[in-house]
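Please take a look at the fold first, and then we can walk through its rings and its core together.

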Amino acid sequence: QQAVQTLQTDMKNDAKNERIYYNMALLFDEMNKISEAEKAFAKAVELKSMNPKVYYNYGLLLNQNKKYKEAEKVLLNGLTLNPSDGELYYALTFVYIQTNNKGKAQETGLKLKQLEPNNPNYQQLFASLGIWLCWFSLWNHGLTVEKIVVLALIFIKIYFFFIIFIR
């Protein structure tokens with residue numbers, strides 16, 4: 001509460017400082033005051049923040065609240081200002097996964113892999129994206145969930161066969 005009051009006082013004294021709005025947004029998000037956090041992030045963006053974290057955190061918040069189109073717009077806006085920011089591509093890939101946009105998820109995931117191929121924070125995303133794209137492909141080719149599960153079990157058996165007997 002004290003921090004909120006301090007930031008509100010700072011806002012009155014310096015209403016054009018995007019950092020104050022960004023810090024307020026993070027504080028509101030931590031307090032689970034989502035609507036207030038969104039407004040503060042939006043104000044930081046409106047003030048033309050050059051901080052990629054503003055766009056990243058705002059995009060994550062929108063994505064978590066199923067506001068996918070808004071999240072995509074914010075993250076793409078961030079990428080125009082910071083075209084090599086891996087975190088923005090990371091968050092954008094999740095937006096595309098959430099909306100089942102296979103092509104764009106693959107495109108942004110590959111761009112992230114080019115930018116930061118050895119970043120351990122993104123390895124899980126790369127693996128998940130590969131599995132998701134495979135699943136999506138099989139589904140689009142008319143395979144049912146049951147058939148996909150059977151195929152997965154066959155691949156697992158083959159994998160363990162190679163691990164046990166070929167090594």
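This is a predicted model: local features need pLDDT of at least 70, side-chain atom pairs count only at pLDDT 80 or more; totals for chains, interfaces and linings use all residues.

The structure holds three aromatic pairs, and Tyr22, Phe41 and Tyr58 form one aromatic cluster. The largest nonpolar core has 33 residues, with α6 giving the largest share, eight residues.

**Aromatic pairs**

- A pair of aromatic rings is described by the distance of the centres and the angle of the planes.
- Tyr22 and Phe41 make a tilted pair, 6.1 Å centre to centre with 50° between the planes.
- Tyr22 belongs to helix α2 (residues 18–30) and Phe41 to helix α3 (residues 34–46), so this pair ties together parts that lie 19 residues apart in sequence.
- Both partners are buried: Tyr22 has a relative accessible area of 11%, and Phe41 has a relative accessibility of 0%.
- Tyr90 and Phe94 form an edge-to-face pair, because their ring centres are 5.1 Å apart and their planes meet at 80°, which is over the 60 degrees that this class needs.
- Helix α6 (residues 86–98) holds both Tyr90 and Phe94, which are four residues apart, about one turn of the helix.
- Phe94 counts as partly exposed, at 28% relative accessibility.

**A charge over a ring**

- Lys43 lies over the face of Tyr21, and the distance to the ring centre is 6.0 Å.

**Ala40 and its surroundings**

- Ala40 is found in helix α3 and is buried, because its relative accessible area of 6% falls under the 20% cut-off.
- Which residues does Ala40 touch, not counting those up to four places away in sequence? They are Tyr21, Met24 and Ala25.
- Ala40 and Leu27 are 13 residues apart along the chain, and 9.8 Å separates their C-alpha atoms.

**The nonpolar core**

- In soluble globular proteins, nonpolar side chains tend to be buried together.
- Within the largest nonpolar core, the residues that touch the most other members are Phe41, Val54, Tyr55, Tyr58, Leu75 and Leu88.
- Helices α2, α3, α4 (52–64), α5 (68–81), α6 and α7 (102–115) each supply at least two residues of this core.
- Leu88 is in contact with Pro52, Tyr55, Tyr56, Leu75, Gly78, Leu79 and Asn82, leaving aside neighbours within four places in sequence.
- Phe41 links two of these topics: Phe41 is part of the aromatic cluster with Tyr22 and Tyr58, and Phe41 is also among the core residues that touch the most other members.

Technical notes
Residues are numbered from 1 along each chain as its sequence is written. Side-chain values use heavy atoms; hydrogens and water are left out. Rings of Phe, Tyr and Trp (its six-membered ring) pair if their centres lie within 6.5 Å; planes under 30 degrees apart count as stacked, over 60 as edge-to-face and the rest as tilted. Buried means under 20% relative accessible area, exposed over 50%, partly exposed in between (1.4 Å probe, protein chains only). A charge sits over a ring if NZ of Lys or CZ of Arg is within 6 Å of the ring centre and within 35 degrees of the ring normal. Contact means heavy atoms within 4.5 Å. A nonpolar core is a set of buried Ala, Val, Leu, Ile, Met, Phe, Trp, Tyr and Cys residues joined through side-chain atoms within 4.5 Å.
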